[in-house]
Amino acid sequence: MDVMRRTLEVNTFGPLRLVQALAPLLRQSGHGRIVNVSSGMGELSSLDSSYPAYRLSKFILNLHTRILADELRSAGILVNAMCPGWVRTGMGGRGAPRSVTQGADTAVWLALLPDGGPSGQFFRDRTVIPW
């Protein structure tokens, strides 16, 4: 339970608190972008019993992305989630096939979307993936 609690605190509640704090400023701008860094491990189609705390935290983050996209649509704020893939970081390890630059590409692209761009979607490599 402690691992579950800590994982949810970082991966789920942290982003939620950040959005709650910044939503008023984003609404004022009329042009906000929220990019949640998720994982394919949070896809419903790939759920299994491995890494339950991590999977649950990312699944809830994905759900929160969809809810926020609907809630903030009228304010001109686009909200999306992305999966960076398996990246060579402290978490991913040296054996991961993707560089940090490759992992970050979709997040940067989503942050720079023009008005009217997609919202409420889940992306990897700038391509929509299933929830």
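**From contacts to cores**

Of the contacts in the protein chain with a separation of 6 or more, 63% are accounted for by residues 24 or more positions apart, a contact being heavy atoms within 4.5 Å. The model is a predicted one, in which local features need pLDDT of at least 70 and side-chain atom pairs count only at pLDDT 80 or more, while totals for chains, interfaces and linings use all residues. Residues are numbered from 1 along each chain as its sequence is written, and side-chain values use heavy atoms, with hydrogens and water left out.

The protein chain has 3 helices and 4 strands, where helices (H or I, at least four residues) and strands (E, at least two) are DSSP runs numbered from the N terminus. Their order along the sequence is α-β-α-β-α-β-β. The radius of gyration is 15 Å, close to the 14 Å that the globule rule gives for 131 residues, so the protein chain is as compact as a globular protein of that length; the radius is taken over C-alpha atoms, and the rule is 2.2 Å times the number of residues to the power 0.38. Along its principal axes, the C-alpha trace spans about 40 × 30 × 25 Å.

Buried residues make up 40% of the 131 residues, with buried meaning under 20% relative accessible area, exposed over 50%, and partly exposed in between (1.4 Å probe, protein chains only). In soluble globular proteins, nonpolar side chains tend to be buried together. Here the largest nonpolar core has 9 residues, namely V19, L26, I34, L68, A69, L72, A75, I77 and V79; such a core is a set of buried Ala, Val, Leu, Ile, Met, Phe, Trp, Tyr and Cys residues joined through side-chain atoms within 4.5 Å. Helix 1 (2–29) and helix 2 (52–72) are the elements that give two or more residues to this core, and helix 2 supplies its largest share, 3 residues. Apart from this core lies another, of 6 residues, among them M82, A107, L110 and F123.

Most residues other than glycine have a negative phi. Y51, in the loop between strand 1 (33–37) and helix 2, has a positive phi near 50°, and at 59% relative accessibility Y51 counts as exposed. R126, which lies in the loop between strand 3 (122–124) and strand 4 (127–128), has a positive phi near 60°, and at 41% relative accessibility R126 counts as partly exposed.
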